[in-house]
Amino acid sequence: MISNEIRRKVIIALDFDGTFAYNEECPSLGKPIPEALPYLKQCVTLGCEIILWTCRGIPEGLSQAANLVEKTLEIILYGVNSHPEDTHLPKVNANIFIDDKGVATPVKIDNNGHPYTDWDIVGPMLLQKVVDLRSNYGN
């Protein structure tokens with residue numbers, strides 16, 4: 001059962017490949033997308049928790065991706081592919097999901113022809129959503 005304090009947190013489920021980092025063939029890691037970093041860091045400053053939500057299945061690839069996110073954003077992830085308070089659910093419990101494969105997610109194309117999240121559009125929308133949720137929660 002999730003406590004009321006946890007329910008009031010703004011939790012972001014963040015995909016790795018094509019959203020946090022440029023797409024690379026697993027198990028290689030792409031470099032972080034520079035445009036994403038200021039928005040994600042501001043979300044952390046506003047008190048958001050981040051769950052890495054990725055299809056990277058092999059243990060070393062998953063831990064490498066998690067380590068890169070933590071090192072780059074200078075945080076400890078709230079979870080990796082699960083909510084720490086809700087591990088019995090088959091789906092991550094978060095307020096916001098960011099994924100380059102989302103139906104309405106604007107993307108750019110990198111030099112290798114791979115799509116990645118257009119943070120110039122997604123970033124401001126993310127920050128507005130965080131502000132709105134915090135206001136709704138009385139934070």
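Among contacts in the protein chain between residues at least 6 apart in sequence, what share joins residues at least 24 apart? Counting a contact as heavy atoms within 4.5 Å, the share comes to 68%. This is a predicted model, in which local features need pLDDT of at least 70 and side-chain atom pairs count only at pLDDT 80 or more, while totals for chains, interfaces and linings use all residues. Residues are numbered from 1 along each chain as its sequence is written, and side-chain values use heavy atoms, with hydrogens and water left out.

The protein chain has four helices and six strands; these are DSSP runs numbered from the N terminus, with helices being H or I of at least four residues and strands being E of at least two. Going along the sequence, the pattern reads α-β-α-β-α-β-β-β-β-α. The radius of gyration is 15 Å, close to the 14 Å that the globule rule gives for 139 residues, so the chain is as compact as a globular protein of that length. Here the radius is taken over C-alpha atoms, and the rule is 2.2 Å times the number of residues to the power 0.38. Those C-alpha atoms fill a box of roughly 45 × 30 × 30 Å along the principal axes.

As for what is tucked away, buried residues make up 42% of the 139 residues. Buried means under 20% relative accessible area, exposed means over 50%, and partly exposed is in between (1.4 Å probe, protein chains only).

Spanning residues 36-45, H2 has Ala36, Leu37, Tyr39, Leu40 and Cys43 buried. Seen down the axis of H2, these buried residues fall within an arc of 170 degrees, so they line one face of the helix; the arc is that of the directions from the helix axis to the C-beta atoms. An α-helix has 3.6 residues a turn, so residues three or four places apart point the same way. The packing partners of the buried H2 residues are strands S1 (11-14) and S2 (49-52) plus helices H3 (59-73) and H4 (119-137). Just after H2 comes Gly47, with a positive phi of about 100 degrees.

Glu74 has a phi of about 55 degrees and sits in the loop between H3 and strand S3 (79-80), where Glu74 is exposed at 69% relative accessible area. Asn81, with a phi of about 60 degrees, belongs to the loop between S3 and strand S4 (96-98) and is partly exposed at 30%.
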